[in-house]
Amino acid sequence: MKHKISNLIKENYLLDTKTFNSLSPSLKEAVNDVVKLIEINQKDVLNKFDDIVNKVSVFHNVNKEKLYHYIDKETNEQLGVN
């Protein structure tokens, strides 16, 4: 059974996680935009992911490293890794 990345993110990722809720409002908006752009670029997300994060961080004027840190932390939380 195939799952779309966006569905997995929506189901498990952003709705109500400790990590997401701890973000500032501007980082929450940036994360939401990253997800939206991933949905648009599903077929080529691996090649475009860094570009997506870069563009979103500039647009929302958030630190790119903080955005990547969130993604790593959230991924670890979802996988149950400390």
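This is a predicted model: local features need pLDDT of at least 70, side-chain atom pairs count only at pLDDT 80 or more; totals for chains, interfaces and linings use all residues.
Which residues in α4 are buried? Keep that question in mind while looking through the views below.

View 1. Residues are numbered from 1 along each chain as its sequence is written, and side-chain values use heavy atoms, with hydrogens and water left out. The chain has five helices and zero strands (DSSP runs numbered from the N terminus: H or I of at least four residues for helices, E of at least two for strands). Of its 82 residues, 33% are buried, meaning under 20% relative accessible area; exposed is over 50%, and partly exposed lies in between (1.4 Å probe, protein chains only). For contacts (heavy atoms within 4.5 Å) between residues at least 6 apart in sequence, 57% join residues at least 24 apart.

**View 2. Here is helix α4, with its buried residues and its kink.** The opening question gets its answer here: Val45, Ile52, Val53, Val56, Ser57 and His60 are buried. The helix also has a kink of about 25°, centred on Asp51 (the bend is the angle between axes fitted to the seven residues ending at a residue and the seven starting there). Just past α4, Asn61 has a positive phi of about 55°.

**View 3. Asp51 and Lys55 pair up through their side chains.** They form a salt bridge, at 3.3 Å from N to O; the term asks for a side-chain nitrogen of Lys or Arg within 4 Å of a carboxyl oxygen of Asp or Glu. By that rule, the count is one salt bridge. Both residues sit in helix α4 (residues 45-60), four residues apart, or about one turn of the helix. Asp51 is partly exposed at 38% relative accessibility, while Lys55 is exposed at 54%. Side chains of opposite charge can pair when their charged atoms come close.

**View 4. Helix α3 crosses α4.** The axes of α3 (residues 25-40) and α4 come within 9 Å and cross at roughly 145°; they are lines fitted to C-alpha atoms over the stretch in contact, with angles running from 0 to 180 degrees between N-to-C directions. From α3, the contact includes Ser26, Glu29, Ala30 and Asp33, and from α4 it includes Val45, Phe49 and Ile52. By class, this contact has nine nonpolar, two polar and two charged residues (Ala, Val, Leu, Ile, Met, Phe, Trp, Tyr, Cys and Pro count as nonpolar, Asp, Glu, Lys and Arg as charged, and the others, Gly among them, as polar).
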